[in-house]
Amino acid sequence: MSLADEPARPLAEQVRPKSLKEFYGQRHLLAPGKPLANVARSGVLHSMLLWGPPGTGKTTLAKLLADCTASHWISLSAVLSGVKDVRAAVAQAQAARQLGESTVLFVDEVHRFNKAQQDAFLPHVEKGVVTFIGATTENPSFEVNAALLSRARVYVLKSLTAEELGQVIDRAVLQLQVSITEDARVLLADLADGDARRALNLLEVSAQLADGEVDEAAVTEAAGTRYRRFDKGGDAFYDQISALHKSVRGSSPDAALYWLCRMLDGGCDPHYIARRVVRMASEDIGNADPRGLQLALAAWDAYDRIGSPEGELALAQAVLYLACVPKSNAAYSAFNAAMEHVRATGSHPVPNHLRNAPTRLMKSLGHGEGYRYAHNEDEAYAAGENYWPDELDAQHYYQPASQGLEIKIAQRLARLRELDAGNGKSPPTRENSSG
């Protein structure tokens, strides 16, 4: 059957697999002995969630599993359906059950249903009226309520490899009754970025532009602007910012630059990246090189002043600098330790000698009495002075790393503790290194 015979049906629909033998990809689930292969072989289906990127075959796989188990098939889209549609589907399933048929209720993009809509499935899944299969591109841990999640097993689908996409393309070329050059085939698989539907859509347009043979020029024209996969606010988004942050922390400037460009290319708001870069400067560089925070803020300011694409270079400069300089999480760890300690202890009053005394009344109450002005002391340090609430022992949250400027900071703190000891005050003996 050629494309001209069925002009109304998209190519992706025309070549949709009709059996698991025609299904490409997801070998970790469908190879002999793997979970879904066992389900198909047994003919016994359980409720499940199919989680994976677009174009990985979630809907097709669900339908094929239902066919393997000879189940009645009902399909809903969470984009178009509501509780009323769910009730109608359940009524249909109950009627099928009276005839001795089991029913698969498939819900595409189930993450778009709100909690009340998802709850509507629960009693019917619990009673076995329907076997529920949900498809989602979003992390079920966050987008599917716990009650429904506990009743369904989650299977993770992966983007198709270049080889698997090539198989999809070859099958579609036969359907279209056209030929394709090897260069065009490789380019199609590359542009599809793991998405079989995207590969088929590009092939369909390419075939319309080509004169009998799909070549690289036709594919390039059909593709237009190339976009990498990037799901704003979804798992891909957070995975990529995590990769950027960890590349900076791991002092890998080239990898950090790669992930920065992936995010920018995918449409991430540069302001979000700027905020995260500032966080990296404090969390992972800190006082080992305080210029990192200054440069991160300057890059943010530069982007605000000149916008895209020129301002993105300033963000790249900051990312490269942070990835290259010495690292320390001492400030981050000290902050966490101090915050944990504060939350675990009472609201102790400020000692009198540290209190502010702007009025006569406050002075008469002893506020500020006995305070030693550090600048008037040797080495501008009031050795032996106490700056803690009377009820607390001195703590030692901040432990400078042996990197960058913090080497000198550690030497300075060691000297101050020597002065404390010489003044009859022992250095802190209790260390708080939690966090």
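Start with R305 and D301, whose side chains meet in a salt bridge at 2.8 Å, N to O; the term covers a side-chain nitrogen of Lys or Arg within 4 Å of a carboxyl oxygen of Asp or Glu. Both residues sit in helix α17 (residues 291-306), four residues apart, or about one turn of the helix. Helices here are DSSP runs of H or I, at least four residues, numbered from the N terminus. R305 is exposed at 67% relative accessibility, while D301 is partly exposed at 37%. For those words, buried is under 20% relative accessible area, exposed is over 50%, and partly exposed is in between, with a 1.4 Å probe and protein chains only.

A word on what you're looking at: this is a predicted model, where local features need pLDDT of at least 70, side-chain atom pairs count only at pLDDT 80 or more, and totals for chains, interfaces and linings use all residues. Residues are numbered from 1 along each chain as its sequence is written, and side-chain values use heavy atoms, leaving out hydrogens and water.

Now over to E283 and R249, which form a salt bridge with their closest N and O atoms 3.1 Å apart. This pair links distant parts of the chain, with E283 in helix α16 (residues 270-285) and R249 in helix α14 (residues 235-249), 34 residues apart. E283 is buried at 9% relative accessible area, whereas R249 is partly exposed at 37%. The two also belong to a network of salt bridges linking R249, R279, E283 and D284.

One further pair is R372 with E377, bridged at 3.1 Å, N to O. R372 is partly exposed at 24%, and E377 is partly exposed at 26%.

Technical notes
Helix = DSSP H or I, 4+ residues; strand = E, 2+ residues; numbered from the N terminus.
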